[in-house]
Amino acid sequence: MSLKLNPITFQSRKYTPFSLPPMASLRSPKFVVASVLNSGPKEVENVKKPFSPPLEVHVQVTHSMPPQKIELFKNLEDWAEQNVLVHLKPVEKCWQPQDFLPDPASEGFHDQVKELRERAKELPDDYFVVLVGDMITEEALPTYQTMLNTLDGVRDETGASLTSWAVWNRAWTAEENRHGDLLNKYLYLCGRVDMKQIEKTIQYLIGSGMDPRTENSPYLGFIYTSFQERATFISHGNTARHAKEHGDIKLAQICGTIASDEKRHETAYTKIVEKLFEIDPDGTILALADMMKKKISMPAHLMYDGRDNNLFEHFSAVTQRLGVYTAKDYADILEFLVGRWKVEELTGLSGEGRKAQDYVCGLTPRIRRLEERSQSRVKQTRVMPFSWIFDREVKL
């Protein structure tokens, strides 16, 4: 998985990629500090811990799905085996990071590295900010598997469960694991970035976790992953395009290959939600509306490098400016999913379900209008040093 856009300010809070602001009618949520363990619904004071930055997270509802819904997912085990696991590739047919990197066992290894570094010299600093941010997001994979294993009815209960849902969670993780490995090794070899600062950012991010507000519900969780996989497909696809424009065809191939994986995973997750709309349209439309009101936040929104408390915001501004992932993409993804799941065609809904349907179907133009207004208010371009590229300054 991966992530971006100039933050849109709304009611004095800042929102960034994958997280356009909720509408004004929504009740403001409570927040707690990410670095503080909190078991209750009350707010806690901002206490900095040495292992995690003091970033805001929501006090989340947990286990909101009723028992009969959990049973629904258990009854979908056979369906998942036939319709979800088919989107995994056998390991022996999968690409591996080494397929795209200099071969350390080859006598020509040093020449291959030299060639890679020569190509990397042609890439601008702002491109590396985006590429590093994408890599860091991919390297926080332990958090994403953890999140999937919080979902009631589909989690891996033993760590080696043979249920279809558990097999998917582990095998999806294994496929995604190659993304961070490949980008990490490329960046290490290219010599353009400060690997220690990058490694610190990864450690901080995994330690901080993520704040998706999915309430242990696979309804919310699979809507979230459907959105995220399409977003990462777009993001990696655009980094591939930029690499090609700058003359690095091999890096373009790397990013494009990762994007292809994300597209295949998107197909699996959107198919799950499509099935939920088929068997429980009311519950699913309510979940979709709930997830969109909360916002789809980027997995790496708690990003921190030990220096910049607004690192994710600054990273997002660069990706917005370069057109790698933008507010327009956010709206486009929602529009795509509403069409993919035939949300406008749903019938037989409850009164609440119809209200949720109207909200979701009318949300894309509202988001586009907010984005247009925010762009019209964009201030003069600033520059910001990024520790990932030895504190060189990049336009936001």
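Tutor: Here is a short tour, starting with the overall make-up.

Tutor: This is a predicted model, where local features need pLDDT of at least 70 and side-chain atom pairs count only at pLDDT 80 or more, while totals for chains, interfaces and linings use all residues. Residues are numbered from 1 along each chain as its sequence is written, and side-chain values use heavy atoms, with hydrogens and water left out.

Student: OK, so how many helices and strands are there in the chain?

Tutor: The chain has 14 helices and 6 strands. These are DSSP runs numbered from the N terminus, with helices being H or I of at least four residues and strands being E of at least two.

Student: And how much of the chain counts as buried?

Tutor: 57% of the 396 residues. Buried means under 20% relative accessible area, exposed means over 50%, and partly exposed is in between, with a 1.4 Å probe and protein chains only.

Student: Where is E229 found, and is it buried or exposed?

Tutor: E229 is in helix α8, residues 218-245. E229 is buried, at a relative accessible area of 0%.

Student: What about E262?

Tutor: E262 is in helix α9, residues 249-279, and is buried with a relative accessible area of 0%. Its side chain also makes a polar contact with the side chain of T232, at 3.3 Å. A polar contact is a pair of N or O atoms within 3.5 Å; within protein, one must be able to donate a hydrogen and the other to accept it, and residues adjacent in sequence count only if both atoms are side-chain atoms.

Student: Switching topic: how many aromatic pairs are there?

Tutor: A search of the whole structure gives 15. In one of them, the rings of F73 and Y219 have centres 5.4 Å apart and planes at 85°, so that pair is edge-to-face. Rings of Phe, Tyr and Trp (its six-membered ring) pair if their centres lie within 6.5 Å; planes under 30 degrees apart count as stacked, over 60 as edge-to-face and the rest as tilted.

Student: Which parts does the F73 and Y219 pair tie together?

Tutor: F73 lies in helix α1 (residues 67-75) and Y219 in helix α8, so the pair ties together parts 146 residues apart in sequence. F73 is buried at 0% relative accessible area, and Y219 counts as buried at 5%.

Student: Which residues do ring pairs link into a cluster?

Tutor: The cluster holds F73, W165, W168, W172, Y219, F222 and Y269.

Student: Last one: which way do strands β5 and β6 run?

Tutor: Antiparallel, with 4 bridges joining β5 (residues 383-386) to β6 (residues 392-395). Two strands pair if DSSP finds at least two bridges between them. M384 has V394 in β6 as its bridge partner. The two strands form a hairpin with 5 residues between them, and F390 in the turn has a positive phi of about 60°.
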